[in-house]
Amino acid sequence: MNRTPLFPAAASGIRPAPLPVTGPVTVPVPAAVRFRAACPDCRGRFELAAAALRLAIGATSRTTFYTFTCPECGASVRKPAGERIIELLTGGGVRTLRLHTAL
């Protein structure tokens, strides 16, 4: 039987092959990302952090929207989200919900 001593790869100068990346790759988003928003009820204008917004992506433009709570009057606001808004919100770290239709 061959008695070859085992050494950690770093000690022997040999680097192990990198593991393959599987699954979604998360992109780091700065914590200081802010989004400008306006309330249709009180007409207030303000900036919101990504955690204050929610994005729902549906099968149609009527079922694709983002929501937030107005920090000035407390109203729940729901606004339509087009392709550009979806890009900005998802890229900025806003939590996203994908709505599926029943077949």
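Trainee: How do you know that S1 and S2 pair, and which way do they run?
Mentor: Five bridges join S1 to S2. At least two bridges are needed for a pair, so with five of them S1 and S2 count as paired. The two strands run antiparallel. Keep in mind that this is a predicted model.

Trainee: Which residue in S2 stands opposite Ala37?
Mentor: Phe46 does. In the hairpin of S1 and S2 there are six residues between the strands, and Arg43 takes a positive phi near 60°.

Trainee: What makes the side chains along S2 an alternating set?
Mentor: Phe46 and Leu48 point to one face and are buried.

Trainee: Why is the contact of Arg36 with Glu47 called a salt bridge?
Mentor: Side chains of opposite charge can pair when their charged atoms come close. The closest N and O atoms of Arg36 and Glu47 are 3.9 Å apart. The cut-off is 4 Å, so this pair counts as a salt bridge.

Trainee: Which parts does the pair of Arg36 and Glu47 tie together?
Mentor: Arg36 lies in strand S1 (residues 34–38) and Glu47 in strand S2 (residues 45–49), so the pair ties together parts that are eleven residues apart in sequence.

Trainee: How many salt bridges does a search of the whole structure find?
Mentor: The search finds two. Besides the pair of Arg36 and Glu47, Glu87 forms a salt bridge with Arg84. Their closest N and O atoms are 3.4 Å apart, which is within 4 Å, so the pair qualifies.

Trainee: Where do Glu87 and Arg84 lie?
Mentor: Both lie in helix H2 (residues 83–91), three residues apart, about one turn of the helix. Arg84 has 53% relative accessibility, and the limit for exposed is over 50%, so Arg84 counts as exposed.

Trainee: What is the secondary structure of the chain?
Mentor: The chain has two helices and six strands. From the N terminus on, the elements run α-β-β-β-β-β-α-β. Of the 103 residues, 25% count as buried.

Trainee: Where in the chain is confidence lowest, and where is it highest?
Mentor: Confidence is lowest in helix H1 (residues 9–12), at a mean of 50. It is highest in strand S4 (residues 65–69), at 96. The mean pLDDT of the chain is 80, and 67% of its residues reach 70 or more.

Methods:
Residues are numbered from 1 along each chain as its sequence is written. Side-chain values use heavy atoms; hydrogens and water are left out. A salt bridge is a side-chain nitrogen of Lys or Arg within 4 Å of a carboxyl oxygen of Asp or Glu. Helices (H or I, at least four residues) and strands (E, at least two) are DSSP runs, numbered from the N terminus. Buried means under 20% relative accessible area, exposed over 50%, partly exposed in between (1.4 Å probe, protein chains only). pLDDT is the predictor's confidence in each residue, from 0 to 100.
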